[in-house]
Amino acid sequence: GSKNCMGAVLLIKAKRLGTLVPTMPGPDGTRKPEFMAMNPFHAVPTIKDGPVVVAESSAILRYLATRYAPELYPVADAKRRGYIDWAMDNFAGSLYPDVQATIYPCLGYAPPPTIREAAAKTAVDNMNEYAKFCLREKFVGGDKLSIADYKIAPFFFCYTHPFLREQGKVECPDRVKRYVQDFLDACPSSDMLSSADGFSLKEMLDSKRGSPGGLQLAEVSSVNIETSDVLRLKAVGTGKSKIYGVPPSCNALSTVLLSMDLDCAEMVPAMPGNDTRTPEFLAMNPFHAIPTLKDGDFCLAESSAILRYLASTQGPDLYPSEPTKRARVDWAMDNFATGMYVDAPKTLYPCLGFCDFPADTKDVGKALSEKLGQYADFFLKEAKFIAGDSPTIADYKVAPFFFAWEHPVLADRCSVLVPSRISQFNKDFAAASKATGMFHSAGGFALKEILDKGLLA
């Protein structure tokens, strides 16, 4: 019944790679000592492949594809991999909150939103926007399945169940219905979405509905899709790429630092809002967000996707090709995104002036301090950096946030206390990256320059 788990489960079954070990979150499952020894963050999905352990759904999909199913995440095609990464990360950041507000209440995992119709409208609008860009072709990035499809299909499958329309008020778009039908036809293990001894997504939704419901699927002929290879027509540039963003955005700054150290791109100032809503910007990134990279005709967004693309094309040592090391990098990046980045809007962003301080900012800050300690105890226990004695893209991902959270204004206003291991990481990263001067000075817009003003307020 876990949609985050289902992508990995479907892929493992489709490729006959292993078996599912039923594990429930909580004291009788993910909190048991033997599970905590594998994943101290006590979350599912977690896979064990011989001596290798990987957690976080997207990291697991990347590991499985890299080791066992490269056709789902093609190593030799940096553009297609980048597009797949963008689609996965955009879903996690933009559509997953809709899942929590619509699907989870229908399954009994969460209370319903105050106004169900409003939550449903937001979900439908976001699905339409996502489908218009990411599902122009039959699947994400082409006419064949990729790991992005395994990531998103279980969620979209739920939206085709009649209970989501009746109870959740969600009218599933026709393009999503067609996509789900195509996925069911193409994925050898898709039967698990409908039948799993009472624990499949359909069976659980049927149970909550009180009676079986037929899925709302679109006929193949009712929805038009692109038949040409959209990405093949996008030529990469021959000079430096451009990264659109601003220095106080930690997400943008991670990509800018890497591009400066690799001397492969230049930053083009772009503030969220007016700068990202122009026709020119929307042509690059219809989701109007920073950072956005432009490399010739090829455009890419989402900070982790850009970091992977830059490393793959310009600095391969920063994203190790060996599957076990790469899996650690991916797990560290995704764990940060799901575990600590969610606290930035209530701690770091108010201190930077991006929003007001919420009432619970100090409680969030104290909880974040504990998370930082847990992260350091696991990912920074054995070496100077996350995957060894030199930085990888995972270190570039977290470095701007770790630097900012150590600033004294975060302790003063939000009760964020950075562990000594994180402080040492900040020193080591500053010594390893030539570009970290941008943390301190950027014409008044550097992280330190802005946060220093908060101490004087």
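1. K240 is partly exposed, with a relative accessible area of 48%, where partly exposed is the range between buried (under 20% relative accessible area) and exposed (over 50%), computed with a 1.4 Å probe on protein chains only. K240 forms a salt bridge with D263, and the closest N and O atoms of the pair are 2.7 Å apart; a salt bridge here is a side-chain nitrogen of Lys or Arg within 4 Å of a carboxyl oxygen of Asp or Glu. K240 lies in the loop between helix 9 and strand 3 (241–245), while D263 lies in the loop between helix 10 (250–262) and strand 4 (265–269), so the pair ties together parts that are 23 residues apart in sequence. Helices (H or I, at least four residues) and strands (E, at least two) are DSSP runs, numbered from the N terminus.

2. The model is a predicted one, in which local features need pLDDT of at least 70 and side-chain atom pairs count only at pLDDT 80 or more, whereas totals for chains, interfaces and linings use all residues. Residues are numbered from 1 along each chain as its sequence is written, and side-chain values use heavy atoms, with hydrogens and water left out.

3. At 52% relative accessibility, D263 counts as exposed. D197, in the loop between helix 8 and helix 9, is also not a glycine and has a positive phi of about 55°; D197 is exposed, with a relative accessible area of 77%. For context, most residues other than glycine have a negative phi, and most peptide bonds are trans.

4. The bond from V44 to P45 is cis, with omega near 5°, and P45 is placed in the loop between helix 2 (33–38) and strand 1 (46–49). The bond from I290 to P291 is likewise cis, with omega near 0°, and P291 is found in the loop between helix 11 (279–284) and strand 5 (292–295).

5. The salt-bridge count for the model comes to 20. One of these joins K13 and D191, with the closest N and O atoms 3.4 Å apart; K13 belongs to helix 1 (residues 3–14) and D191 to the loop between helix 8 (174–186) and helix 9 (201–209), so that distant parts of the chain, 178 residues apart, are linked. Both partners are partly exposed, K13 at 41% relative accessibility and D191 with a relative accessible area of 41%.

6. The side chains of K371 and D343 also meet in a salt bridge, at 2.9 Å from N to O. This pair links K371 in helix 15 (residues 361–379) with D343 in the loop between helix 13 (323–339) and helix 14 (348–351), 28 residues apart. K371 is partly exposed at 26% relative accessibility, whereas D343 is buried, with a relative accessible area of 9%. A network of salt bridges, separately, links R62, D85, D89 and D334.

7. Helix 12 (residues 303–314) has end C-alpha atoms 16 Å apart, which agrees with the 16 Å that its 12 residues should span at 1.5 Å a residue, the expected span being 1.5 Å times one less than the number of residues. Nine of the 12 residues of helix 12 are buried, and the helix is thus mostly covered; among the buried residues are I306, L307, R308 and Y309.
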